[in-house]
Amino acid sequence: MNRYAERLGRLYALMDEEQVAGLLFYGSQFRKDYLRYAAPVPTPSAYGFCLLTRESGHLFLEEPWHEIDPPETVQATHGARSPRGVSHLVGGLIRKRGIGPRIGLVGGDILEVGLMEEIQAVAGAVEFVPATKELAAMRMVKDSEELAAIRGAAHLADEGYAAFVKACRPGRKQFEIVADVEGFLRTIGAEDNFMLIASGGRDVYGMTPPSGRTLQRGDNVITELTPQLGGYYVQICRSLTLGPPSPEQERSFDIFKRAADAAVALIKPGVTVAEVARAENDVFRAEGFGEYCTEQYTRVRGHGVGLYPDEDPVVWEDVQTVLQEGMVLIAHPNTYLPLSGYMVFGDTLVVTRDGCEILTRTERKLFEAQG
Amino acid sequence: MKRGLIEWDHAELPPAVFERRAALARDYMRQQGLDGLAAFSSMAQADVVRYFTHFLPYFNRAVYVLPREGEPILLCGLSNRVHGWIRSTTNISNIEASRDLGASAARAIAERGMKRVGLLGRGTFPVQILSSLARGAEGVELVSADDLLASLRWGEDEDELRLRRKAGALTARSIAEVELRQGLTAGEFAAYVDRTLRLAAAEDVLLQIDSSRGWPGIPGTAPLGWPARILAQAEYKGHWVQIGRTRPGPAVPDWYRQLINRIRPDQSVASVVGDASDLDVRIYASRGGSPFTAMDLDETIEPGLIVAIMALRESVELAGDTFAVRRGELECLTTE
């Protein structure tokens, strides 16, 4: 029994819907989610393609990384020395097998023109049609293999945040804290991590990679931590204070907590993403902070999580996507508030039959590190 | 994403370096009759825009437009809230958030009255972005400016090399420092190297560590056997290096030294590989793709290139360093 039968079935259905003879997936050094969905195997290859048709699956990687046991979704792996060489192989197989006249292209938003032109030149008169958005929509609902992998990765977020709290001390620089957390995550087997950080007070309007700023007693220290294991990311957002929280920090956190709780209480199949965003924002509005729920101060009110740390659906008041069982997302009301600056709070959760289940176990509170 | 320290230290890389580079680009535009240049930037294609601006995308993407006359502009997928951070780490002041980079670049080009624009690293633009740019820039001639990239000769640019040497020394040292012991896992090995490099202000670290035969894979949590092979790529201030090592063992084994000593600038990759039939040799070039792009057999190790030469011997010993290809020799950039 192929454990990816469910996924392949969905992909075949997508091929029928889009009227394509196959799907070509691309992955690059820093974005392999499309590729890994079709060929669920980790690879150090800086790029790769997977060509799936109803009849067969082929994985193309840079040598020598193609020398692996093929994942269950493909029958063969192929390797060439350079990106151009790999693209040539892809085009050659399409031509040899007469796959066409249309092939869906997944990852056209990252696939380099030079590689696409090489494929097209060799493949001949095949039309490549965009299929990235269609696949992203399909990927919002995770299959059973994905859910198992995400559940298996959740503990990394918890352990990673515990390491973060331990690393935060007055006198340390932001990038030193990240170095500690990265080292810890490597030790416990994380494949990658998406991490933003900020520290300070009302002057903090958002998060970036770490700076050389030194942490000070009284700081609000925030992070979005998103380790990856088995291909899947799990995100946790928490805020902490260095030393006891000020009344403003406590009040601010209380608003964030209630907003996130409102989202969790609402999330279930049939609810729209817009309703989730509205539930979060209403808490801010009731406190007189509605303007801080706009694009000027916040990016999104949550998002999907999976093979990529920032997937569809985007949680925003104008997104009408209907939640379904098996979707995995984080509802995080992260934004700036004049009470104590930018604050973050949220957990990755899975939509269940009648509600949702939070996958991380870290206490949902304002943390306090030694000041 | 990049999650190390991203900052611009003006003492380490003075603004004049970027002014000189922009002047070179503008000379090229005048010679070629171009009104401007456009380049794409992402984590996987960061080097070109970084070379002119010190912009390092930690996430998301951007298109940089450098007019022959006037202020450059960065069209950027990152939101307005981080534009202050971008300004503090680059020489770019004109930044515009965009959800459709191709269309926004087309509009910026049209607004500046450009009629002929060179694409720096045309082949590295994503399919969707270039097609959106081409659609939006109707009436504008978009031509390849890849010969400018080749003429910049990063392997002879002292500012480029100085920072690569620093990246190389940090990386080589961190690998050499790992204390080998029974039961050490690949993850623990990686943790030491990763943490050490980030504490030294590296932005990004990619590691493969293994003790089974062959090229090393993604490090896991199983104990290593010995010898173990390490393939490391690290980035310091946007300058990547690549290193291969075997631990325990000399940083540069005799067989690898002999391989490098045989290589001559202007030699083809095919002849290097053919001359070393007892080794599995892979050569990577730094010319826009980040970190490095594998070279094909029909390519040449041209003077001015920065290359990483990795070699595996009898599936057990791995060695490799990053080199600047000079007219008469290869200069190793990754020594302790």
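1. Most residues other than glycine have a negative phi. Is B:A201 buried or exposed? With a relative accessibility of 8%, B:A201 counts as buried (buried is under 20% relative accessible area, exposed is over 50% and partly exposed is in between, with a 1.4 Å probe and protein chains only).

2. A word on what you're looking at: this is a predicted model, where local features need pLDDT of at least 70 and side-chain atom pairs count only at pLDDT 80 or more, while totals for chains, interfaces and linings use all residues. Residues are numbered from 1 along each chain as its sequence is written, chains are lettered from A and ligands numbered from 1 in the order in which they are written, and side-chain values use heavy atoms, with hydrogens and water left out.

3. Now walk back along α8(B) itself, which covers residues 186-199. Its 14 residues reach 20 Å from the first C-alpha to the last, close to the 20 Å expected (that is 1.5 Å times one less than the number of residues). Several of its residues are buried, among them B:F189, B:V193, B:D194 and B:L197. What covers them? The cover includes α7 (174-187) of chain A, and from chain B α7 (158-177), β7 (202-210), β8 (228-236) and β9 (239-247).

4. B:E314 sits in the loop between β12 (306-313) and β13 (317-325) of chain B. B:E314 is exposed, at a relative accessible area of 57%.

5. While you're checking the backbone, look at two prolines in chain A. The bond from A:E63 to A:P64 is cis, with omega near 0 degrees, and A:P64 lies in the loop between β3 (57-62) and β4 (76-80). The bond from A:D312 to A:P313 is cis too, with omega near 5 degrees, and A:P313 is part of strand β12 (residues 311-314).

6. Chain A comes with an automatic or database domain assignment: domain 1 (5-139) and domain 2 (144-369). Their centres, taken over C-alpha atoms, are 33 Å apart. In all, 8 residues of domain 1 are in contact with 12 residues of domain 2 (contact means heavy atoms within 4.5 Å).

7. How many cavities of 30 Å³ or more does a search of the whole structure find? It finds 4 (on a 1 Å grid over the protein atoms alone, a cavity is a set of points where a 1.4 Å probe fits but cannot get out, and lining residues have an atom within 4 Å of a point). The largest cavity has a volume of about 720 Å³ (the space filled by probe spheres set on the points, which are joined across faces, edges and corners). Of its 40 lining residues, the closest to its centre include A:Q29, A:K32 and A:E191. β7(B) gives the most to this lining, with 5 residues, and each domain of chain A supplies at least three.

8. The second largest cavity has a volume of about 140 Å³. It is lined by 13 residues, and A:A46, A:E62, B:Q233, B:Q242 and B:Y284 lie nearest its centre. The elements that give two or more residues to this lining are β8 and β11 of chain B.

Note on methods. Helix = DSSP H or I, 4+ residues; strand = E, 2+ residues; numbered from the N terminus. 1 Å grid on protein atoms, 1.4 Å probe; cavity = no way out; pocket = protein on both sides within 12 Å on 5 of 7 lines; lining within 4 Å.
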